[in-house]
Amino acid sequence: MRLQLQPAFLLHRRAYRDSSELVELLTAEHGRLGAVARGLGRRRPGGALGALLQPFRPVFVSLSGKGDLLTLTAAEAGANLPTLAGDAMLCGFYVNELCLRALHRFESHPQVFLAYGRALEDLARARDGREQALVLRR
């Protein structure tokens, strides 16, 4: 499988070996994907790629490989979304966790991808916990 510049959001990343990380991505066309991002581990700070792969930041990713775990070959910055801070950031991490637990890999959910992006925008604009709760329920 080879995917070129797919719109995506990073849901989760964790260390893998010394110089890589495992990342979980939510893509528009292919749903949730797992990938190895080489050069992001403990021995290497990650440079530009590490700066791009941040939660709540839209990116375009290129992936290749076979099986359940792909290899991240490239990433480019996507559109700018408002930054989440404080309680809004915690709500964003909760949405990420819901996506990780509710979505199976390689199942396309374009409506979920769009709703995820809208939720991030709405959380950034929410003024209080009541508005944040409405975003999460939606």
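Reader: Let's start with phenylalanine 9: is this residue buried or exposed?

Author: Buried means under 20% relative accessible area, exposed means over 50%, and partly exposed is in between, with a 1.4 Å probe and protein chains only. Phenylalanine 9 has 5% relative accessibility, so it counts as buried. This is a predicted model, where local features need pLDDT of at least 70 and side-chain atom pairs count only at pLDDT 80 or more, while totals for chains, interfaces and linings use all residues. Residues are numbered from 1 along each chain as its sequence is written, and side-chain values use heavy atoms, with hydrogens and water left out.

Reader: Where does phenylalanine 9 sit, and which residues is it in contact with?

Author: Phenylalanine 9 belongs to strand E1; helices (H or I, at least four residues) and strands (E, at least two) are DSSP runs, numbered from the N terminus. Contact means heavy atoms within 4.5 Å. Leaving aside neighbours within four places in sequence, phenylalanine 9 is in contact with Glu24, Leu25, Leu26, Phe56, Arg57, Pro58, Leu81, Phe113, Tyr116, Gly117 and Leu120.

Reader: Backbone angles next. Which residues other than glycine have a positive phi?

Author: One of them is leucine 5, with phi near 45°. Leucine 5 is placed in strand E1, which covers residues 2-16, and is partly exposed at a relative accessible area of 39%. Phenylalanine 106 is another case, with a positive phi of about 65°. Phenylalanine 106 is in the loop between H2 and H3 and counts as partly exposed at 32% relative accessibility.

Reader: What about histidine 109, is it buried or exposed?

Author: Histidine 109 is in the loop between H2 and H3, and its relative accessible area of 19% makes it buried. Leaving aside neighbours within four places in sequence, its contacts are Ala28, Gly31 and Leu103.

Reader: How far apart in space are leucine 100 and histidine 12?

Author: Their C-alpha atoms are 8.3 Å apart, although 88 residues separate them in sequence. Leucine 100 is part of helix H2 and counts as buried at 17% relative accessibility. Apart from residues up to four places away in sequence, leucine 100 touches Leu11, His12, Glu24 and Arg32.

Reader: How do I read the packing of two helices?

Author: Two packed helices are described by the angle between their axes and the distance between the axes. Axes are lines fitted to C-alpha atoms, for helices over the stretch in contact, and angles run from 0 to 180 degrees between N-to-C directions. Here the axes of H3 and H4 come within 9 Å and cross at roughly 175°. H3 and H4 are therefore roughly antiparallel to each other; angles over 145 degrees count that way, while those under 35 are roughly parallel, 65 to 115 roughly perpendicular and the rest oblique.

Reader: Which residues make the contact?

Author: H3 brings Ala119, Asp122, Leu123 and Arg125, and H4 brings Glu131, Gln132 and Val135. By class, the contact has 3 nonpolar, 1 polar and 3 charged residues. Ala, Val, Leu, Ile, Met, Phe, Trp, Tyr, Cys and Pro count as nonpolar, Asp, Glu, Lys and Arg as charged, and the others, Gly among them, as polar.

Reader: Last topic: how much space lies in the largest pocket, and what lines it?

Author: Rolling a probe the size of a water molecule over the atoms shows where empty space is left. A pocket is an open set of points on a 1 Å grid over the protein atoms alone, where a 1.4 Å probe fits, with protein on both sides within 12 Å along at least five of seven lines; lining residues have an atom within 4 Å of a point. About 310 Å³ of space lies in the largest pocket, a volume being the space filled by probe spheres set on the points, which are joined across faces, edges and corners. Its lining has 14 residues, with Val95, Ala115, Tyr116, Ala119 and Arg138 nearest the centre. H3 gives the most to this lining, with 6 residues.
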